[in-house]
Amino acid sequence: MISLRQLRYLSALARHGHFGRAADACSVTQPALSMQIAELERTLGIKVVERRPGEVFLTDIGREIARRAEEVLAATRDLVDFARHRAKPLTGRLSLGVIPSLAPYLLPKVLPLLLQHFPELRLELRESQTRPLVADVVSGVLDAALLALPVGHSDLDAIPLFDDPFLLAVPADDPRAETTPIGVEEIDQSRLILLEDGHCLRDQALAFCATARNRGIQMGSAGTASFGASSLTTVIQMVAGGYGITLIPQIAAEVERRDSRVKFLRLRRPQPGRSVGLVFRKTSPRRGDFEAFGEVVKQGIGGAAPIESAVA
């Protein structure tokens, strides 16, 4: 019979494409992992990997087995979670993903409250972009993730938590007053600095610009500037240096306004923004934990009203 250990090793091999890196991820030696993969092949009577010097590829049937293995491993984790977390909410291990445009701004508000109210919780954090976080939640590597909604995956459910409107960050010497909301037509898109590809905040900003143009609003010349920045702090420094402007979530602006060389302008309604929520597998038995976590997040941001619409 095949074992969960063999499936876990195959899953790691599929993710890393290298015996050594897969072994490190599983905290075993490379010979031990290789031996278990070979035993899996003997049990199934097929080749699941194609070995080459310095690299490894999954065969076509190997990729399908690895996909199914992920489903088995996720179901196994859910079973263990069901047994371990029935008594008290938010106890034991919780692996959580957070996107970079949320982590440094939301976590300082939430982590002290978690420690205060749920001292038996062992939180494990991973900061990454939306796409890999969604894949890790689906596969069971992560229990949940704090993301901008919707994520658009049929295997996932979400608890909406709060709305996060966008502000326009401009150099402090910009003549427009912070007290007066501006229209989208006043945004010069040619000066708009965005995060590098892969960040959902970049996609949201581009979608907002496209929607404005579709409504017939002129937003300056076409084209946006991208400097390959992976953090909002870096983008804000570009704005502070006079190299452009950017759209920034309000939760981030609360921190980034410490730089006196930048100011933040509100936008007229309908104000662009994002909806933030906690995403998890529909099959997870820990919804009670996720709901409790969500209440802590809402408390951490000052009791903001929850978003009404649920996102599947």
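# Legends to close-up views of a predicted model

View 1. Leucine 90 belongs to the loop that links α4 and β3. Its backbone carries a positive phi of about 50°, although the residue is not a glycine.

**View 2. Serine 27, an exposed loop residue.** Serine 27 is found in the loop between α2 and α3 (30-44). The phi of serine 27 is positive, near 60°, and this residue is likewise other than glycine. Is serine 27 buried or exposed? With a relative accessibility of 67%, serine 27 counts as exposed, because the exposed class begins over 50%.

View 3. Strand β3 (residues 92-98) and strand β4 (residues 121-127) run parallel and are joined by 7 bridges. Which residue of β4 is the bridge partner of leucine 94? The partner is leucine 123. Together with helix α5 (residues 103-117), β3 and β4 form a β-α-β unit, and this unit is right-handed.

**View 4. Helix α6 and the glycine that follows.** Helix α6 covers residues 130-139. Its buried residues are Thr130, Leu133, Val134, Asp136, Val137 and Ser139. Glycine 140 comes after α6 and has a positive phi, near 95°.

View 5. The peptide bond that runs from leucine 149 to proline 150 is cis, and its omega is near -5°. Proline 150 itself is part of the loop between β5 (144-149) and β6 (156-171).

View 6. The largest pocket contains about 610 Å³ of space. At least two lining residues come from each of α1 (4-16), α2 (19-26), α4 (60-84), β3 and β4. Sorted by class, the lining comprises 10 charged, 7 polar and 7 nonpolar residues. Why does the largest pocket lie between domain 1 (4-81) and domain 2 (89-162 + 274-301)? Both domains give residues to its lining, so the pocket is placed between them.

**View 7. The second largest pocket.** The volume of the second largest pocket is about 350 Å³. Helix α4 provides the largest share, 6 residues. By class, the lining of the second largest pocket holds 9 charged, 4 nonpolar and 2 polar residues. Domain 1 (4-81) and domain 2 (89-162 + 274-301) each supply at least three residues of this lining.

View 8. Empty space inside a protein can be located by rolling a probe the size of a water molecule over the atoms. The structure contains 2 cavities of 30 Å³ or more. The volume of the largest cavity is about 40 Å³. Which residues line the largest cavity? The lining consists of Ile193, Leu194, Leu195, Leu201, Arg202, Ala205, Leu232, Thr246 and Leu247. Two or more of these residues come from each of β7 (193-194), α7 (200-214) and β9 (246-249). Helix α7 gives the most, with 3 residues. By class, 7 residues of this lining are nonpolar, 1 is polar and 1 is charged.

**View 9. Valine 184 in the loop between β6 and β7.** Valine 184 lies in the loop that links β6 to β7. Valine 184 is classed as buried because its relative accessible area is 8%, which falls under the 20% limit. In sequence, valine 184 and leucine 168 are 16 residues apart. In space, the C-alpha atoms of valine 184 and leucine 168 are 9.8 Å apart.

Technical notes:
Residues are numbered from 1 along each chain as its sequence is written. This is a predicted model: local features need pLDDT of at least 70, side-chain atom pairs count only at pLDDT 80 or more; totals for chains, interfaces and linings use all residues. Side-chain values use heavy atoms; hydrogens and water are left out. Buried means under 20% relative accessible area, exposed over 50%, partly exposed in between (1.4 Å probe, protein chains only). Helices (H or I, at least four residues) and strands (E, at least two) are DSSP runs, numbered from the N terminus. Two strands pair if DSSP finds at least two bridges between them. A crossover is right-handed if, with the strands pointing away from the viewer, the path from the first strand over the helix to the second runs clockwise. On a 1 Å grid over the protein atoms alone, a cavity is a set of points where a 1.4 Å probe fits but cannot get out, and a pocket is an open set with protein on both sides within 12 Å along at least five of seven lines; lining residues have an atom within 4 Å of a point. Grid points are joined across faces, edges and corners, and a volume is the space filled by probe spheres set on the points. Ala, Val, Leu, Ile, Met, Phe, Trp, Tyr, Cys and Pro count as nonpolar, Asp, Glu, Lys and Arg as charged, and the others, Gly among them, as polar. Domain bounds come from an automatic or database domain assignment.
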